[in-house]
Amino acid sequence: MPTPLVVSDVAKSFTMHLRDGVTLPVVAAVSFSIRAGECAVLGGPSGAGKSSILKMLYGNYAVDEGQIIIQHEGGLIDLASASPRTVLAVRRHTIGYVSQFLRTVPRVSALDVVAEPLVERGEDREGAREKARTLLAQLNLPEKLWALPPATFSGGEQQRVNIARGFITEHPILLLDEPTASLDAKNRDVVVDLIAAKKAAGVALLGIFHDLDVRDAVADRVIDVTAFAAGKIAA
Amino acid sequence: MTDEPLLRVSALSKFYGSRVGCENISFDLWPGEMLAVVGESGSGKTTLLNCLSTRLLPSSGTASYRMRDGQWRELYRMSEAERRFLMRTDWGFVHQNPADGLRMTVSAGANVGERLMAVGDRHYGRIRATAVDWLSRVEIDEDRIDDEPRAFSGGMRQRLQIARNLVTGPRLVFMDEPTGGLDVSVQARLLDLLRGLVTDLGLAAIVVTHDLAVARLLSQRMMVMKDGRVVESGLTDRVLDDPRAPYTQLLVSSILQV
Amino acid sequence: MSAQSTDIATYNFAYLDEQTKRMIRRAILKGIAIPGYQVPFASREMPMPYGWGTGGVQVTASIIGPDDVLKVIDQGADDTTNAVSIRAFFKKVAKVEVTTDTARATIIQTRHRIPEHSLTAGQVLVFQVPIPEPLRFLEPRETETRKMHALEEYGLMHVKLYEDIAKHGRIATTYAYPVKVEGRYVMDPSPTPKFDNPKMHRSPALQLFGAGREKRIYAVPPFTDVVSLDFEDHPFEVQTFDQPCALCGAENVYLDEVILDDHGGHMFVCSDTDHCEKRRGDPTTPLWGGRAEGAGDLATTPATPTPALRADPPHKGEGKEAE
C-alpha cells in the first residue's frame with residue numbers, strides 16, 4: 001500500500017525572544033508514516049505537542065530539524081524545507097486540514113467558504129457550490145444559514161462549516177485537529193461516516209481526537225506523542 | 001498557472017545619503033500571488049514599494065519583470081516611456097490616500113475610463129459601458145457615475161481608485177496601505193472586495209501594510225521589514241503563527257485581540 | 001536712447017531690438033519644424049498688459065518687414081479697441097501699411113477668430129494665445145504636461161471630452177477645442193471657436209501662435225494636418241446657426257449675437273466684420289431683409305454694430321480669457 005506521508009526525525013522548539021530568548025522544546029525525533037486508506041490518531045496529554053506536529057505537517061509551523069516527505073503531484077518532496085510556493089501548492093492539491101476553529105472572512109457566505117478550496121483547485125464555482133450544499137446538508141447545517149457569513153454562527157455551526165470545507169476536496173492526505181470538539185452526538189456520527197468514506201477512498205488521515213468514542217470509531221492506530229517528548233532526548 | 005515568476009527582485013537597495021531606505025531585498029513574485037510587506041512606519045516598506053513600482057530609482061540591485069509577450073525586462077533599464085506605459089496598462093498602484101490616485105475634479109466614470117482612453121479607446125459608449133461595469137464590480141451605484149470623487153466617502157473613493165487601476169486588466173498591482181484611514185466596517189468590505197477581485201482576475205499584488213490582520217486576510221506570503229531590511233519572510237500564516245525573528249514576535253504579540 | 005531725438009527713430013524697427021527678434025525667430029523656426037510643439041521663448045515686456053496679445057505682438061514684430069501689409073482682428077472685428085490699437089502700434093513702430101482687407105493682408109494678427117475669407121499661400125496668421133497648454137486644466141504640473149507631450153500620453157485630453165458628453169450629452173467644448181497636429185502633438189488652437197478648427201487643417205497660410213505671459217510659441221506650417229479630437233460615436237462637429245447674418249445674409253459663417261436694446265432685442269451678425277462689409281458693399285450679394293428679433297424698426301439699426309454693443313466684450317480680464 002502506498003505511503004503518502006513519512007515523518008522522520010522532526011524536531012520543533014520555540015525561541016521566545018520577548019522572554020530573553022528562552023527556548024521551549026516541543027517535540028524531537030518525531031518519526032512515523034501514514035499509509036493510504038489509514039487513519040492514524042496522535043495520542044497523548046495536552047501540551048505533548050500533538051497540535052504542533054499537525055501544524056508542521058501543514059507548513060503552518062516551521063520545522064527545526066528532520067524531514068516531512070510527502071507524495072505530491074507524482075513526486076516526493078520534503079515539506080520541512082519546501083519553499084512557501086511549494087507549500088501552497090501542497091495545500092492546494094495534496095494536504096487538506098481541518099482546524100479547531102474557523103477563520104472567517106468578512107462578508108463571505110458559509111456556502112462559499114466551503115466551496116472555496118474547490119474553486120482554488122480550478123473547479124467552476126457552481127459545481128463547487130453544489131458539492132458544498134450536499135456536504136452542509138449532510139452535516140445538518142440549517143439551510144437558512146448557508147448564505148450568511150459564518151462569523152456570527154455558534155461554535156458547533158462554525159465547526160461544521162469548517163469540516164465541510166476540509167472534506168469537500170479530494171486531497172490524498174487529510175489532517176484533522178479535533179474536528180468534533182464542539183459537535184453533538186448526531187453530527188459526530190456524521191463526521192465518523194465522512195472519515196470512513198475518506199479511508200475507503202484511499203486518503204491518508206492523521207488526526208487529534210479528544211473524544212474517545214470518535215477516536216475508537218475512526219482510528220486504525222494511535223501514535224503516542226509522549227514518545228517524542230523533547231525533554232526526554234535532552235535528558 | 002505558469003512556472004515562471006512575474007517579478008524577480010535581486011539585492012535591491014535604496015540609500016538616502018548615508019541613511020538606509022531599504023537594503024538588499026530579494027524575492028520572486030508569481031502570477032496570482034499576493035505578497036504582504038509589513039513593518040512599522042520607517043521600516044522601508046514604502047521605499048521598497050516605490051522602487052519596485054519605478055516611482056523611485058534604487059541605489060543598487062535589479063528588478064526584472066516578465067512582459068505580456070514573455071520577455072524579461074529589467075525595470076531600471078527601461079525608458080521612461082516604457083515604464084509609464086507599463087504603469088498604466090499592465091500595472092496598478094493603489095495609494096493609501098485615494099486623492100493621490102484619483103482625479104478629484106473629474107467624474108467617477110472618467111476616472112475609470114482614463115486608462116482606456118490612454119491606451120487608445122475612442123468609443124464613448126464602450127468606455128462608459130466599461131466604467132459602469134467596473135463601478136458595479138466595486139459596489140458603486142451606477143447613478144454615481146457622473147459624480148466627482150470629491151462627493152464620495154473615503155471607502156467609496158478607495159473602491160473607485162481600485163476600479164480605475166483594474167480596468168485595463170493589469171497583472172501586477174502595488175498597494176500602499178489600501179485600508180489605512182478607513183473605518184473598520186468599511187475596511188472589511190474593501191478587503192473582501194479586494195480578495196474577490198484578486199482571485200477572480202488572477203492578479204499578483206504587493207501590499208504594504210502595518211496591519212497584520214490585513215496581511216493575513218489578503219496575502220499568501222509576507223515579508224517583515226525592520227530598519228530597511230527583511231527580518232523574516234515566508235508563508236503568511238507561518239510567519240504569523242510561528243514567528244521566528246524577535247521583531248516579528250514583538251509585532252505579532254502586539255496585535256490587539258477582539 | 002538719446003534725449004534730443006523726439007521722433008519715431010528712437011524705436012527700433014517694429015519695436016523689438018534685433019537680438020530679441022532673432023531669438024523669437026529661432027523659436028518660430030523651431031515651432032515650424034516641430035508642428036504643434038510649444039517652444040519656450042524669452043517673452044519680453046510689451047507696452048500693453050498681458051492678456052491683450054503680448055505674445056501675438058512679439059511674433060508679429062519679429063516677422064514683419066517694411067513691405068508687409070498688416071491686418072489685426074479681435075473676435076473677427078477690425079474695429080475693436082485691441083485691433084485698432086495694435087494696428088496703430090505697428091503703423092507707428094514699423095511704418096507698415098495696414099488694412100482690414102483679409103485678402104490683401106500678408107500678416108493677420110488675430111484674437112479668437114480665423115477670417116471667413118480663405119487664406120492663401122504666403123499669408124501668415126498670428127494667433128494671440130492666453131494659455132497654450134491644452135492639458136493645463138486637467139494637469140496643473142508643467143513638468144508632467146511636458147512629459148505627457150514628450151511621450152504622446154494624450155488619454156487625459158479625451159477625459160475632458162468624455163466629461164463633456166457625460167454632462168451635456170455631447171462634446172460641449174465650443175472654443176479652444178483641442179486638435180492633433182500632423183498626427184503627433186495635441187495643441188490648443190487658442191480660444192477660437194471650434195467653428196474655425198477645420199480652417200486650420202491643411203491651410204495654405206502659415207499659422208503662428210504666441211503666448212506672451214506663458215512664454216510659448218508654436219506653429220502650424222502650411223498644408224499641415226490639423227485634426228480635432230473626438231470619439232468614434234461622438235464625432236467632431238462645428239457649430240451651426242439656424243439663421244444667416246442679419247446684415248449681409250451670409251450663411252455658414254460664424255455669427256455674434258448683438259444686443260440691441262434693454263428689452264431683449266438682439267440679432268445675429270457676422271463676427272468677421274470685413275467679410276460682412278464686403279458682402280454688403282458687393283452688388284452681387286443677394287439683398288437680404290435682415291432679421292432682428294424684437295428689434296423693432298431695422299432701419300434704425302446701425303449698419304455696423306458699434307463695439308460697445310457687442311455681446312462679447314472684446315477684452316476680458318486675465319485668466320478669464322479661456323472661459
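**Figure 1. Burial and secondary structure in chain C.** A residue is called buried when its relative accessible area is under 20%. In this predicted model, 54% of the 323 residues of chain C count as buried. Chain C is built from seven helices and 12 strands. Among its contacts with a separation of 6 or more, 63% are between residues 24 or more positions apart.

**Figure 2. The interface of chain B and chain C.** The contact involves 22 residues of chain B and 20 residues of chain C. About 1900 Å² is buried between the two chains, and carbon and sulfur atoms account for 56% of that area. On the side of chain B, the residues that lose the most area to chain C are R84(B), R122(B) and Y124(B), which together give 38% of what that side buries. Six salt bridges are found across this interface. One joins the side chains of R126(B) and E232(C), with an N to O distance of 4.0 Å. Residue pairs in polar contact across the interface of chain B and chain C number 12, both residues being at pLDDT 80 or more. Helix 2 (80-89), helix 4 (108-118) and helix 5 (124-137) of chain B each contribute at least two residues to the side that touches chain C. That side of chain B has nine charged, eight nonpolar and five polar residues.

**Figure 3. Helix 4 of chain B and its cover.** In helix 4 of chain B, 10 of the 11 residues are buried, and the helix is mostly covered. The buried residues include A108(B), G109(B), A110(B) and N111(B). Also buried in this helix are V112(B), G113(B), E114(B), R115(B), L116(B) and M117(B). Which elements cover them? Within chain B, the cover includes helix 2, strand 6 (91-94), helix 5 and helix 6 (154-166). From chain C, helix 5 (155-168) is also part of the cover. After helix 4 of chain B comes G120(B), which has a positive phi, near 105°.

**Figure 4. The interface of chain B and chain A.** Here 27 residues of chain B are in contact with 25 residues of chain A. Chain B and chain A bury about 2200 Å² between them, of which 52% comes from carbon and sulfur atoms. The salt bridges between these chains number five. In one of them, the side chains of R244(B) and D64(A) meet at 3.1 Å, N to O. There are also 10 residue pairs in polar contact across the interface of chain B and chain A, both residues at pLDDT 80 or more. Five elements of chain B each supply at least two residues of the side that touches chain A: helix 7 (184-201), helix 8 (212-218), strand 10 (229-235), helix 9 (236-241) and helix 10 (246-253). Helix 7 of chain B gives the largest share of that side, six residues. By class, the side of chain B that touches chain A has 13 charged, nine nonpolar and five polar residues.

**Figure 5. Salt bridges within chain A.** Over all chains, the whole structure has 60 salt bridges. The side chains of R35(A) and E38(A) form one of them, at 3.7 Å from N to O. Are the two partners buried or exposed? R35(A) counts as partly exposed because its relative accessibility is 40%, whereas E38(A), at 5%, counts as buried. A second pair in chain A, R165(A) and E116(A), meets at 2.9 Å, N to O. This pair links distant parts of the chain, with R165(A) in helix 5 (residues 155-167) and E116(A) in helix 3 (residues 110-120) of chain A, 49 residues apart. R165(A) is partly exposed, at a relative accessible area of 27%, and E116(A) is also partly exposed, at 24% relative accessibility. A network of salt bridges links D112(A), E126(A), R129(A), E130(A) and R133(A).

**Figure 6. A salt bridge within chain B.** R150(B) and E148(B) form a salt bridge whose closest N and O atoms are 2.4 Å apart. E148(B) counts as partly exposed because its relative accessible area is 21%, and the cut-off for a buried residue is under 20%.

Key: Residues numbered from 1 in each chain as written. Chains lettered and ligands numbered in written order. Predicted model: local features only at pLDDT ≥ 70, side-chain atom pairs only at ≥ 80, totals over all residues. Heavy atoms only, no water. Contact = heavy atoms within 4.5 Å. Buried area = accessible area lost by both parts, 1.4 Å probe. Polar contact = N/O pair within 3.5 Å; in protein donor to acceptor, adjacent residues only side chain to side chain. Helix = DSSP H or I, 4+ residues; strand = E, 2+ residues; numbered from the N terminus. Nonpolar A, V, L, I, M, F, W, Y, C, P; charged D, E, K, R; others polar. Buried < 20%, exposed > 50% of the residue type's maximum accessible area, 1.4 Å probe, protein only.
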